[in-house]
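Please read it alongside the sequence and the coordinates shown here.

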Amino acid sequence: MIPEINDIQKEITRLVAQSVLPVFTDQLQTHTAFLTKITALQNDLITTNSAAQSQQETFTLFLKYKQELSKTLTTYFKNLQEKNRTFPFTPYQTLLEGYVKKLPEEVVQIQAKERFIPQPDDHTLKKLKKRGKNFGYQLSILPKKIGNIFRKKEKKKVITYWEQKIAMQGIVHKQFSVAFLKEILPLLDQFFAGITATTKKLWENDVVFDTVAGNFLQKGELLSFSKKDLIALDAILNEITAIQENLQEQCKIKEQKIIQETENMLLLSGTFELPNHQFQPQEIFDQKKSLENVVLRKFVRWNTTFEILKDDWDVDLEIFSIALDTEIAFLKLLSTVSQKSGNIAASFQTCEAFLAKIITKIKSSEAQDTLKNNLRKEINNIQKTYTTKIVTPLLADFEKNEIVPKIDQFEKIQQKRIATISTKRAIADKIDFSKPNPPSAINYVSPNELITYESWPSLVKAIETTKVSVIATLNKIVQEINGLGQVIEFNLESALDLVNDKNKSENPKTVALDGMQRSTEKWEAVKDEIFTIDATIQELLREKVYAFNKNVLSFTKNENILNVRLTIAKAKSIEKSRQLRQQIKNKIIYAVPLALSFTRNKYKIASVYINSYLTKLGWLSKTDAATVASSDFLLEAQKSVEQLPFVYQRLFRSDTVQNESFFTGATLEINQIDSAWQYYLNDRYATILISGEQGAGKSSLVQRYFQKNPTRFTIKTICVANTITTDELFFKFLSEEFSVAIQNLEEAITYFTSMPKQVIVFENLQYLYLKKVKGFEVIHTLTELIAQTHLKVFWIITSSQYAFQYLEKTLQLSESFSHLITVNNSTDAVMIDAIEKRHRVSGYNLSFEEPPKAYITKKYEKASEVEKQEILKAEFYKDLNKIASGNFKIAFMYWLRSVARVENSTIYMRSLKTIDLAFIAKSSVPKTHVLNAILHHEQLTLTQIDTVTGMDPAGTRNVVRSLFENGLLVKKEAYYLINILLYRQIINLLKSKNFIH
């Protein structure tokens with residue numbers, strides 16, 4: 001054992017306690033003070049809230065709390081980040097260097113026997129070296145041994161092992177300024193993770209307050225704060241204590257480890273096992289510098305974590321402040337408007353007194369002459385003084401109590417407040433605050449831009465609408481006030497005419513009093529209209545302010561911020577494109593004469609395109625040969641599709657979307673389902689009927705919603721496959737679906753009401769009726785079942801668009817549902833996106849074949865191969881969108897049917913310009929009737945077609961066979977369905993014949 005090791009250990013322990021542990025403990029004390037201050041702010045809010053006299057006072061207290069919280073948070077993390085920009089162990093290293101200089105630079109001592117004799121735990125090479133070393137040593141002492149043989153005992157020389165020079169300063173310096181600090185580096189991560197974890201606990205407390213405030217800001221719920229659901233400070237401080245104790249314990253363990261290593265190194269120093277060149281000052285300096293860089297890089301990453309934590313919390317504070325300011329300003333606006341409306345209404349007393357005086361005079365006029373004189377005087381008085389004594393003072397009060405400027409002031413105050421919002425905040429999506437994060441994890445966003453682009457415009461629009469409405473109301477009131485004088489004058493003149501009329505049909509006095517009574521009532525109505533301004537502002541702005549607050553508060557969720565940021569970027573890009581298009585448009589205007597000349601020369605090409613478009617719609621007929629070719633195209637559709645690669649078929653199946661990434665659009669419809677779902681969760685009547693064309697995405701919409709909003713309730717999807725037209729068949733179907741015997745409606749109601757709450761998606765309502773007398777039995781039963789079980793079952797019914805339109809006209813089906821959702825056809829852009837998403841997943845390349853020469857333009861001929869493909873692609877999508885008109889199923893089927901061939905990893909698409917569907921326009925009246933019947937029911941057997949159309953069986957078979965052979969119908973078991981490839985053209989045909997609208 002090295003004698004000096006005990007002294008070294010004591011001194012190192014002292015230095016660690018003096019200058020290493022304080023790196024942690026001092027910051028923990030600061031952190032404890034920070035947590036205590038925030039808790040004090042939260043407790044103050046709870047205490048002062050209980051003593052608040054009004055919601056607005058509570059509101060103001062909450063806003064003050066948020067402001068103080070923001071200051072405290074910013075100050076703390078700013079100081080922490082600033083502190084982390086310097087190496088924290090420099091004082092320790094300085095003290096250590098002073099101590100090391102006091103130690104001997106080198107210590108010489110005799111090597112131990114183990115340095116020469118191989119030890120069991122030595123590796124092979126070391127054992128070999130030790131044997132060589134021992135051999136050399138034995139040779140070196142051989143002369144002494146031989147000499148000692150001949151020397152007297154007292155003169156024999158002492159034989160010892162070789163000496164070793166121990167680099168005492170170098171080893172101690174390196175071990176405790178580098179190795180020890182490397183050992184405690186993981187403690188820094190534990191330390192900072194503890195700081196973020198305990199900070200997040202108080203953030204969670206703040207989120208509890210935010211939830212209460214958010215409900216008030218978005219819904220007007222009671223604003224009251226309590227300690228319920230809050231994490232106690234004592235529990236958090238116990239965590240801090242545990243962190244500190246753990247750090248001290250770990251430091252001690254690391255220190256003991258390095259002491260042991262140092263002792264071992266001192267024993268080996270100066271031997272081949274541990275050469276002293278490793279402990280040169282320059283070597284140690286380089287290692288210290290490297291360690292410092294490692295620590296500072298770690299601090300940079302932790303500062304990133306702190307920056308995100310601070311800004312993530314602080315942006316929440318800022319956003320809540322905006323919402324709070326807006327709500328306070330709005331409540332102040334309502335109070336001001338109410339006060340000013342009251343002031344204006346109070347000024348009406350002058351007119352009321354004016355009218356009462358006239359009425360009193362008329363009532364006191366017993367004699368005809370007296371009545372006549374009084375009427376003349378009052379008419380004259382009205383003509384002279386009504387404007388000056390009534391109208392002018394009232395208008396002055398209107399100006400004195402202007403309401404519109406107050407609304408305008410509300411808008412300007414909010415604009416100024418939004419302008420103060422920060423333009424750069426650091427956030428990150430799905431970040432782990434317990435780890436250091438690289439600067440690349442930061443997403444800088446502008447809260448100012450988010451609110452300015454996403455939230456503020458809708459509120460501004462509502463404010464403008466409110467101003468227009470209030471101005472219109474005030475103008476109406478002024479007009480009525482001005483006109484009221486004429487009304488009074490006319491009534492009194494009418495009474496005066498009766499006085500002068502010898503053949504009085506009515507009593508003049510009664511006529512005058514009745515007229516004055518009507519005028520008084522009219523005046524009261526005008527007065528009441530003043531108070532409608534309050535209601536107008538409430539109606540037009542209250543919900544919009546709630547919506548603004550809700551939208552703003554949505555930015556407290558990082559995923560919403562990132563999504564909106566993309567939307568804003570897209571909006572800016574669109575605006576830039578719009579300006580560019582406008583510039584191009586302006587240039588084109590000057591080129592109109594040249595364009596006209598060019599148009600004449602290209603007339604033939606244009607006519608070809610127009611004819612092609614009309615052909616696709618089925619409005620333009622060509623030759624019978626085209627009909628045959630098109631029929632073959634349609635009849636072989638399924639066969640051609642089945643020859644495509646299975647992966648490709650599967651991607652473009654129009655079944656319910658299973659892959660969430662394939663779902664596009666339908667934001668409005670998703671929100672409508674969510675609205676109904678919230679109704680249901682609050683035990684309100686909530687049933688949904690979703691209608692849309694075949695293939696519009698009704699089932700995918702429902703599945704998408706419950707993928708995004710998982711529920712603990714069972715979700716049962718029932719898909720009707722066969723037409724069911726009787727209650728017996730319907731209850732048999734329910735029995736099979738739910739594996740329970742159900743014989744009648746009462747049993748069905750009993751079963752569903754006895755079960756736990758569940759969601760039932762009932763698909764294909766169009767299969768539950770026939771267009772005939774008494775053909776709606778099952779529809780009536782289903783609606784009654786829904787009405788009786790809505791508290792236990794959240795019913796979602798899907799129906800084809802045209803079946804629902806028919807049932808609505810005949811049965812008023814919508815009365816049975818709280819929410820009607822129409823799945824509209826998608827836009828061209830959404831359709832293209834849906835196709836390209838699926839195609840990209842397939843991994844195939846895509847190549848578009850050229851259309852017939854008549855459709856090839858000079859631009860195409862001059863283009864490069866890459867440009868040609870872009871032109872053909874654009875034309876293909878253009879034609880596909882014209883045919884599909886936003887229907888996914890049609891578009892996908894045409895896409896698959898347009899595959900000309902698959903070679904290696906490339907799919908070749910044929911042009912859609914070759915398809916001639918003009919023969920549809922030639923469909924006879926019986927064929928049209930059959931198509932209409934099948935469109936409404938989506939599928940029918942031959943017998944059901946007979947029943948619905950009223951045609952004789954033989955005639956039905958002939959018509960259906962012809963439609964099937966021409967490809968307009970396809971057969972699925974016993975049912976005939978419209979060929980999806982012709983769905984759009986058949987709808988156009990039926991619309992042109994006024995079968996549907």
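## Cysteines

In this predicted model, Cys251 has a relative accessibility of 1%, and because buried means under 20%, Cys251 counts as buried. Cys719, by contrast, has a relative accessibility of 42%, so Cys719 counts as partly exposed, a class that lies between the buried limit of 20% and the exposed limit of 50%.

With a disulfide taken as a pair of cysteine sulfur atoms within 2.5 Å, the structure holds zero disulfides.

## A three-stranded sheet

Three strands form an open sheet in the order β10-β12-β11, and their pairing is mixed. The edges are taken by β10 (845–848) and β11 (899–903), and because each of these has a single partner strand, one side of each is left without a neighbour in the sheet. Averaged over the sheet and with direction ignored, neighbouring strands are turned by 20 degrees against each other.

Strands of a sheet pair through backbone hydrogen bonds, in either a parallel or an antiparallel sense. For β10 and β12 (residues 906–909), the pairing is parallel and runs over four bridges; Asn845 has Thr906 as its bridge partner in β12.

## Helices on the sheet

Helix α27 (residues 865–884) packs on this sheet, where α27 touches β10 and β12, and the direction of α27 makes about 85 degrees with that of β10. Helix α28 (residues 888–897), in turn, lies across β10, β11 and β12, and runs at about 55 degrees to β11.

Conventions:
Residues numbered from 1 in each chain as written. Predicted model: local features only at pLDDT ≥ 70, side-chain atom pairs only at ≥ 80, totals over all residues. Heavy atoms only, no water. Buried < 20%, exposed > 50% of the residue type's maximum accessible area, 1.4 Å probe, protein only. Pairing = 2+ DSSP bridges. Helix = DSSP H or I, 4+ residues; strand = E, 2+ residues; numbered from the N terminus. Axes fitted to C-alpha atoms, helices over the stretch in contact; angles between N-to-C directions. Contact = heavy atoms within 4.5 Å.
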